[in-house]
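Hi,

Here is the structure I promised to pass on. Please open it first, then read my notes below.

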Amino acid sequence: MENSQSLLNKIEDLKKEVRILKEENTKTKRNLMWKVRKLEKDKVLTENEKIRLERETKSLRGEVERFRSPPLVLATIMEILDDTRMTVKSSTGPHFVINYSKFLDEKLLVPGSRVALNQQTFSVVDVLPAEKDPNVSGMEIEEKPSVSYDSIGGLEDQVIEVKETVELPLKKPELFEKIGIEPPKGVLLYGPPGTGKTLLAKAVANETNATFIKIVASEFVKKYIGEGARMVREVFELAKEKAPSIIFIDEIDAVAAKRLKSSTSGDREVQRTLMQLLAELDGFESRGDIGIIGATNRPDILDPALLRPGRFDRFIEVPLPNEDGRKEILKIHTSKMSLSEEADIDLLATLTEGVSGADLKAICTEAGMFAIREERDEVLVADFMDAVDKIMGVEHDEEYKKEAGVMFG
Ligand SMILES: Nc1ncnc2c1ncn2[C@@H]1O[C@H](COP(=O)(O)OP(=O)(O)OP(=O)(O)O)[C@@H](O)[C@H]1O
């Protein structure tokens, strides 16, 4: 009797154990299923990411290929000989008889059209727009720009220097003649991007009723072989035609970096452009009716040949604005804005240490955009704070904003 009772107890215990094991098994199964589902989800995400990265790699490879591809030779069609051949005059001088593909648009292939040739095979790769668009060549011409010295903030010393070195010879060449000295030929403005170098050059053109001719040197050399040097020549001719004029050469370091030993065709093209620029500067009689202003962010890499007397012989630093400068610049760019009464330009100037004039302008525009987006007719302190965050990439937390708001008020 006792035996059978203990057996029954054992059976009960075993049943209990089986139940517990079953429960544990279900839990583990559920856990495993959950893990599998999560892994499947991760797999889909990873696959999507892989596809995205593959696409990005492909586009970056394309970009690298584009940068690696050699520059093309610019040429003008002289005569179409037959269905496959034509004669062209390359911009470097020589004439060639070359083959062209029937896949090119025949209507565009007429004598006088500009074409781009492969450097090695000289076959036509592209037909360029017939009319020369000044923007395509990196040139901008403005008859008497509307920028005045009043629209430049915080560069009082630089304005005085520019007036003396560029404006005075243009306005009163007789002063230099009387004293018997050559007026400075070229002035080099150097400093970080967006600090007002272009503005200064435009203001001189405005003050002297001169035509403002801006060329971006890096654009010249990016184009086609032979174009850079020819364009330099053309620019100086144009300046003489339109005199009085100011030639403003932005990013001059692109054609005037210290000579490197390597000699790829790209380097040679830069060399040719620089040599032409030096020749123009040397051959150019400073009769006072043409002012030349160069600008660079990298004065340290300039070829000393460019900086010899009679070329660019005056240097004016255009630095990032200090607090007072920032105040001036902010005043200029907010002068036409509808500001809330609390807006405090002085404080905004203290909060924007290290930014350029161009950034300050962007902050004002961005603050205005925040107000427009919220359909307000006034720009608030908070708009400026958000704009500072956006432009300067600073994360101000809410507390900081509140504090600044109190300070602004
Ligand atoms: N000192 C300044 N006073 C007022 N506005 C300024 C000043 N500096 C820059 N800005 C604003 O920033 C814009 C860009 O400046 P600008 O083109 O003169 O700079 P930059 O020094 O020539 O730059 P980069 O070296 O990039 O060519 C100007 O049109 C102007 O609105």
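**What I found**

Of the chain's 409 residues, 38% count as buried (under 20% relative accessible area; exposed is over 50%, partly exposed is in between, with a 1.4 Å probe and protein chains only). Keep in mind that this is a predicted model: local features need pLDDT of at least 70, side-chain atom pairs count only at pLDDT 80 or more, and totals for chains, interfaces and linings use all residues. Residues are numbered from 1 along each chain as its sequence is written, and side-chain values use heavy atoms, with hydrogens and water left out.

**The whole chain**

The chain has 13 helices and 11 strands. These are DSSP runs, numbered from the N terminus: helices are H or I with at least four residues, strands are E with at least two. Take the contacts (heavy atoms within 4.5 Å) with a separation of 6 or more: residues 24 or more positions apart account for 72% of them.

**The annotated binding site**

The unreviewed UniProt entry carries a "binding site" annotation on G194, T195, G196, K197, T198, L199 and H333. The lining of the largest pocket includes G194, T195, G196, K197, T198, L199 and H333. A pocket is an open set of points on a 1 Å grid over the protein atoms alone, where a 1.4 Å probe fits, with protein on both sides within 12 Å along at least five of seven lines; lining residues have an atom within 4 Å of a point. UniProt annotations may be inferred rather than shown by experiment.

Look at two of these residues. T198 sits in helix α4 (residues 197-207). T198 is partly exposed, at a relative accessible area of 24%. Not counting residues up to four places away in sequence, T198 touches F212, K214, F248 and D250.

H333 lies in helix α9 (residues 323-334). H333 is partly exposed too, at 28% relative accessible area. Leaving aside neighbours within four places in sequence, H333 is in contact with K361 and C364.

Best wishes
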